[in-house]
Amino acid sequence: MTSSTFRSAALEREKRLRLLSDADRDIIRLAHDPLFPRLLEQIKAVGGCAHPVYLSGSTIASDALTGEVISSYSTAGEPGERLAVRCRNRRASVCAPCAYLHAGDTYQLIRAGLSGGKSVPEGVRERPRLFVTLTAPSFGAVHRFRNSERCRPRRDGGTCEHGRPVGCGLVHTEGDPALGRPLCADCYDYVGHVLWHAHAGRLWDRFTTAARRHLASAAGIPRSRLREHLVASFAKVAEHQKRAAIHFHGVVRLDGPAGPGDPPPPWATAELLSEAIHAAAASANVRTPESDAYGDVLLLWGQQLDVRPIRAFADGEGPTDDAVAAYVAKYVSKGTADTGAGVDYRVTSPNDIHAAVVTPHVRALMATCWRLGGLPELGHLRLRSCAHSLGYRGHILTKTRHYSTTYAALREERAEYRRGDTGPTDNPTVITESQWRYVGSGYTPGAARLAAGIAYDIATSRELAREAIAEERRWRDA
Ligand SMILES: [Zn+2]
Ligand SMILES: [Zn+2]
Ligand SMILES: [Zn+2]
């Protein structure tokens, strides 16, 4: 090869490299690393997690008596001397693999409280159990869709004080962006909506307290002694409605005083529980702090209340254990942005609110959070730091202690399964010494693309496996 052809070949290669994206170049760099196979293994081990966290450190298990090392692990030999750990985000829009796992855990957690399993006795199936939906009250007329009916028909064709029509009369379709938007934004009670969101968690607590009080008084027991007769367990998930107001879906179960393994007294029936739920939803309230700007506001639940028995056996009525668990699990993987009711990041200025990709209705709610968040008497509601979630600062899923298992227990069970542990690991003569520290998070552009590919492969093979099982079932049933 002459020096000129050599030079042009080198130029050609350089030109081609320049055409590559940052991610391509990064993948080439990573693939030349002798630890590349181990890097791929790590990404596979976290299921293709989109934003892993990295830890550096070691674990040594040794015999307490002899000092003999039984097992040891250190990140010294790993790529970058670190180990990737899942981000565990519940939102599918942030990390699809972790959200899938979280939704699965939520399903197990809710289902265990209804059907038993995961250390919950099977007797929970026979208890009084209800599926409850509690809504926010009306803050003003919004466009709505109900069984193809006309939206807010008004024959008189009147207008509000702002000169806007008080009726609509259109038949909206399900995906219509107008749905949930106020007929008149100036008539809409944005302050009430935001204050309701900010107190929704406390309103739920008042509701559970009121339900217990009703149960006690129906049985002629002082409220303080109800616990000696029964335990009322609650699990709830928050969901955004079209009008950007949250509502709660909850599971309520009655057990005896010893918890899930113990039946409640015979007087504690599903009918009485239903009565208690209705009474509690009607009476629970929270009064906001007095403010010069808006006075004080009494916050209540909306009129729409849905209470249904959960079907334990084939011949019962209402949704099944599985349907309820799947329903709840679906909501925990949704982010605020997925439902259009806010954004998934914190806003730090009115400019952020102005720039957010949301509807004018949601923007007005965010702006109201910002405005009210500046009032000293509302400082404890942290409305500015919750403007992205329209003032709601509660968890998506909450449950009382006796409802069922925990996310932590489900994760531990999965880790044990992966390690291949068969029995209790608490050998008293083994001492384990661990030292771990956080050393970073996220991927380089090339590793991010590899992770996305791995996540895709895992999701595809899961889908194929599901289809294969369904196919096999069809064959068997045919
Ligand atoms: Zn993740
Ligand atoms: Zn309408
Ligand atoms: Zn108006």
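This is a predicted model: local features need pLDDT of at least 70, side-chain atom pairs count only at pLDDT 80 or more; totals for chains, interfaces and linings use all residues.
**Entry 1: α2 and α11**

I started with α2 and α11, which are roughly perpendicular to each other, as the angle class therefore has it (under 35 degrees counts as roughly parallel, over 145 as roughly antiparallel, 65 to 115 as roughly perpendicular and the rest as oblique). Their axes come within 7 Å and cross at roughly 90 degrees, with α2 covering residues 22-31. Axes here are lines fitted to C-alpha atoms, for helices over the stretch in contact, and angles run from 0 to 180 degrees between N-to-C directions. From α2, the contact takes D22, A23, D26, I27, R29 and L30, and from α11 P445, G446, A447, R449 and L450; two residues are in contact if their C-beta atoms, placed from the backbone, lie within 7 Å. I sorted this contact by class and got 6 nonpolar, 1 polar and 4 charged residues (Ala, Val, Leu, Ile, Met, Phe, Trp, Tyr, Cys and Pro count as nonpolar, Asp, Glu, Lys and Arg as charged, and the others, Gly among them, as polar).

Residues are numbered from 1 along each chain as its sequence is written, and chains are lettered from A and ligands numbered from 1 in the order in which they are written. Helices (H or I, at least four residues) and strands (E, at least two) are DSSP runs, numbered from the N terminus.

**Entry 2: domains**

Next I looked up the domains, whose bounds come from an automatic or database domain assignment. Domain 1 is 21-92 + 408-477, and domain 2 is 96-139 + 189-405. I find their centres, taken over C-alpha atoms, separated by 34 Å. To the contact, domain 1 gives 15 residues and domain 2 gives 16 residues. On the domain 1 side, α10 (407-419) and α11 (445-477) each supply at least two residues. That side divides into 8 nonpolar, 3 polar and 4 charged residues.

**Entry 3: the sheet**

In what order do the 5 strands of the open sheet run? I read β9-β4-β6-β5-β10, with antiparallel pairing; two strands pair if DSSP finds at least two bridges between them. β9 (305-309) and β10 (397-399) are at the edges with a single partner strand each, so one side of each has no neighbour in the sheet. Neighbouring strands are turned by 15 degrees against each other on average, direction ignored. I then followed β4 (residues 129-134), which pairs with β9 over 5 bridges. T133 has D306 in β9 as its bridge partner. Across β4, β5 (231-240) and β6 (246-255) lies α5 (residues 190-218), running at about 155 degrees to β5.

I stayed with α5 and checked α6 (residues 270-283): the two pack at an angle of about 130 degrees, with axes 8 Å apart. They are therefore oblique to each other. The crossing is right-handed (left-handed if the near helix is turned anticlockwise from the far one by less than a right angle, right-handed if clockwise). Among the residues in contact are F207 and H214 of α5 and L272 and I277 of α6. By class I note 11 nonpolar, 2 polar and no charged residues.

Last, I took α4 (residues 96-115) and α7 (residues 321-332), which pack at about 145 degrees with axes 8 Å apart. This crossing is right-handed. Including Y107 and R111, residues of α4 meet residues of α7, including D321 and V332. The contact divides into 10 nonpolar, 3 polar and 3 charged residues.
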